[in-house]
Amino acid sequence: MLKQPFLRQPVVRTVAAISLGAIAGALGRYYFGLAMNHLLGIDVPYSTLVINVTGCLAMGFLATLSLGQVISLHPDIRLLLLTGFLGSYTTFSGYELDSAHLLQQDRLQADLFYWAGSVMLGFMSLQFGIAFAEWLLGKLDPSRETPHNRDRSN
Amino acid sequence: METPLLLTLWIALGAIPGALSRYYLTLVCVEKLGGEFPFGTFIINLSGTFLIGFFATLFQSIQADPLLNSFVIIGFLGSYTTFSTYALDTSNLLKLASYKRAVLYGLGSPLMGFLGVELGIALAQRL
């Protein structure tokens, strides 16, 4: 007999949280990608670019927000959103495969834009997400020492 | 022709082991190699690029079932590798002022990933 009910066991909760997030993330990536390919065409793999950039924005925002004192995410919710959903929504292998396909078609300029642009735009949107979360945390709890608040008090 | 429902199911079935192996492999890497450098995500993304180059090329040449493609490529490998954690790791290394590690990881991942995918493609073409 189990000591704890099945769904209360830490391993079960972890696996369930990541799995649920991963299903939503992968299907979100697939269907959002299809919709964007339909809208923007498949000349440049914009869909993976937009997915990775928006995923980085959400990652910066949620990772920062969940570390604050004001809003605390339950560890299982953190696993569901960050490890499961965002981890599966964004893809590194798809990004490199798209880049290799552009190279195979001898489209060097598009490849360079896509290859380097994904990294730069992803990083920038992550920073934007972090900054937005810090600003929001500062608004919610003015006593919290964010760079934003420190600047004002000086 | 496969139904969209079946395709959806196979992507979901691939995503679960993909994300779980990413999570547990990251934990093992932190335990064995320490948390100074994000070895876990680095190894995951590199192995994932190699595998996607290999399997995407192989599936194309043998004209594999689209369901197999959605399970392995979109579901498993898409979820196994991650772009958002890669960007977050780079940002955290910069925040900790480990600039050497940040450059090594931030530029090393896309560069080595490029080599990984090309290696996978080349290997599959030789089969």
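Colour chain A by secondary structure: this predicted model shows six helices and zero strands. Stepping along the sequence, the order reads α-α-α-α-α-α.

Next, select residues 10–40 of chain A, which form helix α1. Its 31 residues reach 44 Å from the first C-alpha to the last, close to the 45 Å expected at 1.5 Å a residue.

Now bring in the database record. An unreviewed UniProt entry annotates "transmembrane region" over residues 12–32, 44–65, 77–95 and 115–137 of chain A. Two of these spans can be checked against the model in turn.

- Select residues 44–65 of chain A: the span is 91% helix and 0% strand. A distance drawn between its end C-alpha atoms gives 33 Å.
- Select residues 115–137 of chain A: here the chain is 100% helix and 0% strand. The end C-alpha atoms are 34 Å apart.

While a helix is on screen, look along its axis. An α-helix has 3.6 residues a turn, so residues three or four places apart point the same way.

How much of chain A is buried? Of its 154 residues, 45% count as buried. The chain exposes about 8,500 Å², and carbon and sulfur atoms supply 66% of that area. With contacts displayed, consider those between residues at least 6 apart in sequence: 67% of them join residues at least 24 apart.

Note on methods
Residues are numbered from 1 along each chain as its sequence is written. Chains are lettered from A and ligands numbered from 1 in the order in which they are written. This is a predicted model: local features need pLDDT of at least 70, side-chain atom pairs count only at pLDDT 80 or more; totals for chains, interfaces and linings use all residues. Side-chain values use heavy atoms; hydrogens and water are left out. Helices (H or I, at least four residues) and strands (E, at least two) are DSSP runs, numbered from the N terminus. The expected span of a helix is 1.5 Å times one less than its number of residues. Buried means under 20% relative accessible area, exposed over 50%, partly exposed in between (1.4 Å probe, protein chains only). Contact means heavy atoms within 4.5 Å. Accessible areas come from the Shrake-Rupley method with a 1.4 Å probe; for residues, only the protein chains shown count as cover. UniProt positions are given in the numbering used here, feature names are shortened, and annotations may be inferred rather than shown by experiment.
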